[in-house]
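The sequence and the structure are shown first.

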Amino acid sequence: MDPRLNIINKRLGNINRIIAVSGGKGGIGKSQTAAALALYLASQNYRVGLLDLDFCGPSSHVILGIEGVSPEEDMGIIPPLVNGIRFMSITFFSGGQPSPLRGGEISNAIIEILAITRWESLDFLIVDMPPGTGDPTLDVIRLMERVEFLLVTTPSRVAREVMKKELSVLRELRIPVIGVLENMKIKKDSPAGEALAGLKVPFLGSIDFD
Amino acid sequence: MDPRLNIINKRLGNINRIIAVSGGKGGIGKSQTAAALALYLASQNYRVGLLDLDFCGPSSHVILGIEGVSPEEDMGIIPPLVNGIRFMSITFFSGGQPSPLRGGEISNAIIEILAITRWESLDFLIVDMPPGTGDPTLDVIRLMERVEFLLVTTPSRVAREVMKKELSVLRELRIPVIGVLENMKIKKDSPAGEALAGLKVPFLGSIDFD
Amino acid sequence: MHEWALAESIIVTVMKESEKEKLSKVFKVTVKIGELQSIELDIFKFALENMVELYKPPVDLENIYLEIDRCILKCKVCGNIWNYRDTPKELAEDEKEAIHFVPEVAHTYMRCTQCGSPDFEILQGRGVWIDSIEGEK
Amino acid sequence: MHEWALAESIIVTVMKESEKEKLSKVFKVTVKIGELQSIELDIFKFALENMVELYKPPVDLENIYLEIDRCILKCKVCGNIWNYRDTPKELAEDEKEAIHFVPEVAHTYMRCTQCGSPDFEILQGRGVWIDSIEGEK
Ligand SMILES: Nc1ncnc2c1ncn2[C@@H]1O[C@H](COP(=O)(O)OP(=O)(O)O)[C@@H](O)[C@H]1O
Ligand SMILES: Nc1ncnc2c1ncn2[C@@H]1O[C@H](COP(=O)(O)OP(=O)(O)O)[C@@H](O)[C@H]1O
Ligand SMILES: [Mg+2]
Ligand SMILES: [Mg+2]
Ligand SMILES: [Mg+2]
Ligand SMILES: [Mg+2]
Ligand code: NI
Ligand code: NI
Ligand SMILES: [Zn+2]
Ligand SMILES: [Zn+2]
């Protein structure tokens, strides 16, 4: 019996909203969006945490320019405060070296991190998700009781198809979806906005490519 | 005992070169490169196969515009010939619907596909890899005896860092790396080319963003 | 008809293993046939027969025992355990066919019978598996 | 010192399980402590003691048995099985510490002792696990 599964929701108990930034495909700006959202909320004086669950391509620490900090060990681990954000990432443990983990191991590592991290009171915990709907996505759905999803996509048809698949899984499981954000818009028209018209999900707008 | 593991290298026995198009991060143009490479080789009258192993975000069938074809069942399964390329993808079985698979299941599905697909004689089998160095990458290394890697990256620092991690794993395992291709170049300078100078891996050139 | 490819993998594995373990004779090979994959038993037996003729493995055809392995699934979300046979909604023919080729696409077409999640494990009865190879040196 | 977080998970689980199974008394809880995670046993015991006082679970501290679980690894490439203790190169202190927090980063710092692959399984002895909870209704 895995004791860690029973402590996770207690560890997340004093977090008001948990937002997973996802979207199926890689390279569409999930990490960029997650970091921007966390920084914005922190600037509005919210207490914010950022959890990078992209074990294969962790990038939040690069985007936030985090260096020379590490979690403190105190009846668990306390995420360091960086730019006003409580930050946790596998890179604290892999030291930026390659960590070729299979899905079951990624799942196990996520469970461990969720079980030992003491976020304490937060208004928002932003989760930077890896591409795909594999172990990390399934575990976030399974383990983080009150999670909501924010989906990112781009004008590319492939990206939109992958996002729609993830959306349909979330729908079926009745996981709240805050909305879909179209990133890297180049042309005037917004294919994502149009494609979403029939899907009854809030379209949050587009961000230009720059 | 898993009997499938013992038949895979027989199924790949009449393939001259197996090239996995990889690179760690998502959205850097792996599928685009894999499809372009397969099409180019086919246009040169080589016998070419294309295997899409990106189960979470399969895209080769979209890029190649494949519709209405499916594999034939004949003492195994025969990949259909599309645009002169023998093509195999999980989408033939998932029908484009979401397939939220955990890593161990992706691994199992890859083993099944490798064990039953009859590629017959090919000059090249191009493998379109998913992002990351998870189950699919570890399985390709473990199961496809003569595989060579072609790594794709972009001018982004995050993409380069992820690619370098994959490169270091491949190096350590002495898996042949054909070289690194920089995709989506925008500015004149080529950060990947410079970063690779010290790594002793062929730099294959840059492709502009368009 | 892709049963042939799987039957071939059984015979090739018996040969490899008996060579590795230096077995001169193999008395018995037990093969589990997972229910989920809906293997056509007659075709599979016929394919095995042909593969035995082709490869001449150190085992007689009648000493290869096929056992149907009940398919049992377990939900990772709610813990529910159920039998594939008891899935309330019958799968469509093309869904069954897809699962026949790649049993993992069960996650595309099936859901936990209790909570509706696609996040379940196949505890047993997935596909073709060699349970044991018994022989003498 | 993050042993406290793990000790807490043990006690919380004993309480949840005994409630779920409607146990009025728990005689014995067996906890496996996987070698790979290098848990500090004294700290872990001290933490358990404190958690028992805090949560007042239906089990006495002396009936929680800790068993060290040898760590056994198996390479997915070459099949080699080896003990963590027999890893030839001693890990550096910071590597051990990282594995202490997240045992999976073993794949970053360790390699198969036979073929050098990072693609190995942790067969047993990974971390903290409840082997059994025995009690009466
Ligand atoms: N709106 C944008 N315009 C230009 N480049 C962008 C934009 N959003 C993201 N990028 C760049 O695209 C790349 C991928 O973004 P990232 O956030 O890492 O994607 P993901 O997390 O989805 O893999 C990064 O190099 C990032 O800097
Ligand atoms: N050189 C390029 N210029 C502009 N867009 C590109 C280029 N290469 C790829 N793309 C686009 O970028 C997106 C991601 O490419 P893709 O090949 O699907 O990446 P990956 O397989 O690495 O996830 C696609 O929409 C593709 O059309
Ligand atoms: Mg990212
Ligand atoms: Mg990230
Ligand atoms: Mg791709
Ligand atoms: Mg693809
Ligand atoms: Ni068949
Ligand atoms: Ni500790
Ligand atoms: Zn369920
Ligand atoms: Zn090995």
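## Contacts and burial in chain C

In this predicted model, contacts in chain C between residues at least 6 apart in sequence include 76% that join residues at least 24 apart. Of the 137 residues of chain C, 52% count as buried.

## Fold and surface of chain C

Chain C contains 4 helices and 6 strands. Their order along the sequence is α-β-α-β-β-β-α-α-β-β. Along the principal axes, the C-alpha atoms of chain C occupy a box of roughly 50 × 30 × 20 Å.

## The zinc site in chain D

The zinc ion (ligand 10) is coordinated through the SG atoms of Cys75(D), Cys78(D), Cys112(D) and Cys115(D), at 2.3 to 2.4 Å. Along the chain, these donors follow the spacing C-x2-C-x33-C-x2-C. Cys78(D) belongs to the loop between strand 3 (72-75) and strand 4 (81-83) of chain D, and Cys115(D) to the loop between helix 4 (106-109) and strand 5 (120-124), so this pair ties together parts that are 37 residues apart in sequence.

The site of the zinc ion (ligand 10) is tetrahedral, with angles of 103 to 114° among its 4 donor atoms. For four tetrahedral donors, the ideal angle at a metal is 109.5 degrees. Cys78(D) counts as partly exposed because its relative accessibility is 31%; Cys115(D), at 36%, counts as partly exposed.

Key: Residues numbered from 1 in each chain as written. Chains lettered and ligands numbered in written order. Predicted model: local features only at pLDDT ≥ 70, side-chain atom pairs only at ≥ 80, totals over all residues. Heavy atoms only, no water. Helix = DSSP H or I, 4+ residues; strand = E, 2+ residues; numbered from the N terminus. Buried < 20%, exposed > 50% of the residue type's maximum accessible area, 1.4 Å probe, protein only. Contact = heavy atoms within 4.5 Å. Donors = N, O, S within 2.8 Å, 3.2 Å for Na, K, Ca; no water. Tetrahedral: all angles 85-135°; square planar, octahedral: opposite > 155°, others 65-115°.
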